[in-house]
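Please walk through this structure one part at a time, beginning with a single residue and then turning to the places where chains touch.

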Amino acid sequence: MSATDAQAPSRMRFRPGYLALALGAVVVAVLPLLFTTRYSTNLLILGAAMSIGTLGLVVVLGYAGQISLAQAAFYGIGAYAVALGTTRWDINWWLALLLGLIAATVAGAVLGMATLKLGGHYLAMVTICFQVIFTLVLTNWVAVTGGPDGISNIKRPPFFIPLNSAQRYAWFALAALLLVGALVWWLRDTVLGRSMRAVRENEIAAEALGVNTPRVKVIAFTLSAVIGALGGAIYASGYLYISPDTFNFDHAVAFFAMVLVGGTESVLGAILGASLLTFLPEWLRELKKIYLVIYGCVIILVIVFMPEGLWGYAKLLGRRFARVVPLPAALRPVQVGGRGAPGEEILRVEKLTKRFGGLVAVDEVDLVVRRGEAHALIGPNGSGKTTCINLLSGLYVPTSGRIRFLNQDIGGQRPSRIAVSGMARSFQNLRLFRELSVWENVLVGAHRGGGHEAETRTRALAAIEFVGLSDKAHEISRSLPYGHQKLVELARAIAGEPELLLLDEPGAGLNQTEKQELVRLLKRLNEMGLTILIVEHDMSLVSKVASVATVLNFGEKIAEGTVDEVLRHPAVVEAYLGNREVALGV
Amino acid sequence: MGDGGLSMLGQFLFAGLAIGSVYALVALGFVMIFRATNVVNFSQGEFAMLGAYAMVTLWQGAKLDYFAAMALALLIMAAFGLLFELTIYYPLRNRSFLPVIIATIGASIMFQNGALAVFGPSPEKLRPVVDTAGGTGGINLGGVFFDYQYLVILLVTVVLIGLQYLFFEYTLLGKKMQATSQDKDMASLLGIPVGIMIALTFIYSSVLGGLSGMLVAPIFFVTHKMGATLGLKAFAATICGGFGDPRGAILGGLLLGVIESLGAAYISVIYKDAFSFLVLIIFLLVRPQGMFGEKVSEKA
Amino acid sequence: MFEVRDVHVAYGAVTALRGISLEVREKEIVCLLGANGAGKSTTLRTVSGLLHPLKGEVLLDGKPIHGLSAVTIARRGISHVPEGRRVFPGLTVRENLVLGTSNRPNVRREEMEADMARMFKLFPDLGRLKSVLGWTLSGGQQQMLAIARGLMARPQILLMDEPSLGLAPILVQEVFRVIKEINTSGTTILLVEQNASMALAISHRGYVMETGRIVLQGTAQELLQNPQVRDAYLGGGKDA
């Protein structure tokens, strides 16, 4: 993540990018001249095609965190599209490419949708199935694909200059790689790119910030498929002959190894990994026999010792030398609270109930929160407070009862939809996007407001400044001390300028000084018009921040009123401390 | 369907059950590791392949007695399981599932291609357990030919599952291993040596895998690739049966074996391998928790 | 009998214990009180070896145990009944109890049976449910089982984490009655509880924790009458 990323005028942001692009163009121009034999030039073409294929994995695995072991299948779709197009169907190469990309789009979207409800190993399994079935069809549907014999005499694409030599085609392939590389690199810091990375880091938190996670995942798969197909097309017209062998599970794993070795999130890393694993077996002839053994070994070693890949190492070194560029000042202070009359109901909960099997976690709870209130929800351990917050923010679906937010029934809605309508939340056990910087965390929070990138940045800047973390903005969030991490989560929640903020034990784990700072920030937010619903155990914090309190015990509401009243209420005292008479009778 | 048709059906069913048993054995080893450690071992199929090659080396290469070779090969697989646990599971035991899956995929590639490098690409043949002059022998019953090797596979599977059941239900060690797989931390609080329990699990799974490889080898050829499809199908079997449930592994394996056999016979032999995956896809889309499993969902 | 000296424990970036010192003498019931998040469970987990302190020591009969694994510490006679009961869901009541003896190698059959008979006497409900699987038991029954399982280890010291959590009041009484009885039979107990009244009613001494520190200590009598205990849960006026 470049340290210069956050400079507010967006046009300045691309300067290092433009430089890299120019450098890349130079490399593209020069590289084929260095490879003199036909054989080595072909290798260069192979490296370029594989790199493009690997870039697809950077999007779906590196950015979005979804395992795809089907990349060779998408690569194959592109390859077979141009192969069949230029031989059997006799159509223009570019048209054939387009058809291949469309097929890949459909396949990628279908695969993405099939895996939505699954995660982890299920996901991996479905992608493997897809890959294996694809290879089976390729090998056996002889009528269409030519079967194990493959397809030969594939043509090269018509271009401004005829691509009739290997060297010229190498230029073409490298130019394509540069283009795709630039696009994937650019994608990283867009709303979509950041959303993907948020989904990878913490899906639940991303949802709660308004990211439509299923859509993001499907888009990620689709993009990886399209990019993979492009790589395959380049390969096919480079080597002029393809056979099903090249598009099997082993090669899907090879792509995987390449992206791992290079560093899953990095464009340059992917190219590095792909090149390395393409050229290495050629350079070390004796090892050609066992190069797949080495692949396997390398995968394990990288995972155990170098999970960030080669590029990760480079980044680590780079970080030592990077200058920390401070964030510019925010253009305006943070705005929260929305427009509406103070005192009007913004949240109305009626007979809210949640059952988990036989356990009633929340039992017919009624709650009203008015605009401008700081409302506490308290109760002993296990009383259902966090369950309530999860119900309100959409993480759980109510068993029965109604939740009305801003005059809309939201019970059962997706968390992202509820977030977009103006509700933000923090989490009891902190759900930061750990590998993202403070700045990126808060940026994702600011997405909710919509509008141009510049507006999103303005909101994020304001939020970071509000919590006082401007000078730490580019640090990786997991490296911050705990108190600061909690502030990041707060900044992230308010960056979207919500109307209602739900806080789940914001004081947990903080020391006295940090709690004082938290109280100060929350009171200011409340004064600025933000309605707050806070779950807390620290009563002194509660009494300083909140004006109204609702008390739960065993899932039921047992008291409500001002904080002082409630803390003196005998039922509340008993709920927390136990019944003295009963105790003495033991 | 005339009498010929019925006995054909019987034939295919029998073959399907036998192959299904092999899938079930591999799947069982897979599920054991998963239950104990939450690790999805993508190289489980390779255990079968390695067992088969161990057998080939000892019996053909070292010219040992068939059953002595088998016993020794199983011992080798046990040692291998321990080695696997120490080098691949242990360094990654606290990491999230993604690195572990990837590492086992890497292991799978390493084993497959290592076998290729050591043993070469030409397939090896292993003698069946019951050696009759002139190839495979068997019993003819009611028009159905019951191949001895298939019978051996079914017998071994039944006996093994029975023994395993007895072990886990009636021995203290079995209970300790169950406890470890149900709640590792609580088990350690009680003084159960969790590290040893996990090592034993890997050893057992490796032996199970190796045994299934040795049993299926005489039917097909022994190649470096044999573990790949076996592993994938076993994995499919556990998902269809209900991920993490041993009963599911067994039933899923049998189901897939039968579907595959019938599909190959009556629909298309070319796409035989695809049937298992189609069944898997159907399960994943319609009932991802499988036959015995609970709802698959992410915890909030 | 055992002592915690100036222990500091962190979970990653969070400092959970900031210099805790306490001691538990033989045959005592000592309770550890405080609001949620105060660090009570963390303290127990440090004693039983699930966590290791950054600084400070845990001493059992004068010998340091804070670097040992949970399995080793269990074998030294410390039995931890953690929060949330954690009965093995797929094993029966009987099997759960048998596994409670895992801290001693080679337990003779007769010994185990005798211990189990004693458990069934202490918890008559469990006797009825010998062959029932753990996951089907009710919350109260699971709690009884967890305690009985902890006792099967014949521990020197029993660590109990929020035994009353989630239980209906009448069951809470029952649980505390049993805890008192266990102590009378000679087991030393360190009890973590949110329900201060109940805990203090049966304890000899107590400590009150707040955000990782011990803020009050004394005999149970003293603490029962001390209004600051209430403040620790329901409003610390002193931290401004």
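Helices here are DSSP runs of H or I with at least four residues, and they are numbered from the N terminus. The model is a predicted one, and within it Ala148(C) has its place in helix 6 of chain C, which covers residues 139–151.

Around this residue, Ala148(C) has 25 other C-beta atoms within 10 Å, and because a residue counts as buried when 20 or more such atoms lie within that distance, Ala148(C) is buried. Leaving aside neighbours within four places in sequence, the residues in contact with Ala148(C) are Leu97(C), Met119(C), Leu122(C), Phe123(C) and Leu126(C).

We can now turn to the contacts of chain B. The contact with chain A takes 34 residues from chain B and 35 residues from chain A. On the side of chain B that touches chain A, helix 4 (97–119), helix 9 (226–241) and helix 11 (272–286) of chain B are the elements that give two or more residues, and the largest share, 14 residues, comes from helix 4 of chain B. By class, this side of chain B has 29 nonpolar, 3 polar and 2 charged residues.

The contact between chain B and chain C takes 15 residues from chain B and 19 residues from chain C. On the side of chain B that touches chain C, helix 6 (172–182) and helix 7 (184–189) of chain B each supply at least two residues, and helix 6 of chain B gives the most, with 5 residues. The residues of this side divide into 7 nonpolar, 4 polar and 4 charged.

Notes:
Residues numbered from 1 in each chain as written. Chains lettered and ligands numbered in written order. Predicted model: local features only at pLDDT ≥ 70, side-chain atom pairs only at ≥ 80, totals over all residues. Contact = placed C-beta atoms within 7 Å. Nonpolar A, V, L, I, M, F, W, Y, C, P; charged D, E, K, R; others polar. Buried ≥ 20, exposed ≤ 12 C-beta atoms within 10 Å, placed from the backbone.
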